[in-house]
Amino acid sequence: MKFEGTASYIATPDLQIAVNAAISLKKPLLVKGEPGTGKTMLAEQIAQSLDMELLTWYIKSTTIAQQGLYEYDAVSRLRDSQLGEQKVHDIRQYIKKGTLWNAFESDSQKVVLIDEIDKADIEFPNDLLLELDKMQFHCYETQETVFAKQRPIVIITSNNEKELPDAFLRRCVFHYIRFPDAATMKRIVDVHVPQIDQALLDRALRMFYDLRETRGIKKKPSTSELIDWIKLLILERISLKELEDINAESGFPPFEGTLIKNEQDFELIQRLRKFER
């Protein structure tokens, strides 16, 4: 069982090694990288490549580890007891299974994505140490211990908003997705925008990397934004000459709002272009 990328996802050799190492060692794979570099999509493509179901747990600032296991609705049970409902005698009726419980009890192996773990409280990763290491947890309301029938492949993404605890990091295989170089990016674009004029693509990529390398830019455009921009160029039938002429006249790529996402960067690039002239 080896991951080698898919027709719609270009996985570099070092990324393939990291994914397969995590699978072989039966450890979670912690993936970091700039937003838009395909961290979330990686889990989707691993599931597709290995013909497994993907279960996703999207993390928010208010998320607690317990929610990934289960939630007990004590309020509903109290209300039902006041109304004389018979189901109050079965506490399981008030247990909502979380992503990890569903993955653990499945007869088939799943891919579990814990997306943007660094959004949660700093203690969140530590609260999952036992569950991710031993692949089991205890439900106190029903007095049962839930074991994983098939150990899921766990992919965890982080945008590096917070430092993760050392104890958590020791239990993971780590990989940082570097921003693609021009050659790799060209392969990625060819997957998403097949049959694009290669001269137009070369020019667009030069403009894109020039923008990313602008000193002082706050929000560098990402891979996903590049693909959206190129699709827009094609939809609007922008030719190679038009692309070069628009850039020379205005200092901005056409449809710059696809690539530049805040006014500080817009003003910075405008000042730099005027200075260069």
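**Notebook: sheet, helices and cavity**

I began with strands β5 (residues 110-115) and β8 (residues 153-158), which run parallel and are joined by four bridges. Strands here are DSSP runs of E with at least two residues, helices are runs of H or I with at least four, and both are numbered from the N terminus. I noted that Val112 stands opposite Val154 in β8.

The model is predicted, so I kept in mind that local features need pLDDT of at least 70 and side-chain atom pairs pLDDT 80 or more, while totals for chains, interfaces and linings use all residues. Residues are numbered from 1 along each chain as its sequence is written, and side-chain values use heavy atoms, without hydrogens or water.

Next I looked up the sheet. It is open, with five strands in the order β2-β5-β8-β1-β9 and parallel pairing; two strands pair if DSSP finds at least two bridges between them. At the edges I found β2 (53-58) and β9 (173-177), each pairing on one side only.

Then I turned to the helices. Helix α1 (residues 13-25) packs on the sheet and touches β1 (29-33), β8 and β9, where contact means heavy atoms within 4.5 Å. Helix α2 (residues 39-49) lies across β1, β2, β5, β8 and β9.

Last, I checked the lining of the largest cavity. A cavity is a set of points on a 1 Å grid over the protein atoms alone where a 1.4 Å probe fits but cannot get out, and lining residues have an atom within 4 Å of a point. I listed Pro28, Leu129, Leu132, Asp133, Phe168, Arg171 and Cys172. Helix α6 (residues 129-134) gives the most, with three residues.

Conventions
Axes are lines fitted to C-alpha atoms, for helices over the stretch in contact, and angles run from 0 to 180 degrees between N-to-C directions. On a 1 Å grid over the protein atoms alone, a cavity is a set of points where a 1.4 Å probe fits but cannot get out, and a pocket is an open set with protein on both sides within 12 Å along at least five of seven lines; lining residues have an atom within 4 Å of a point.
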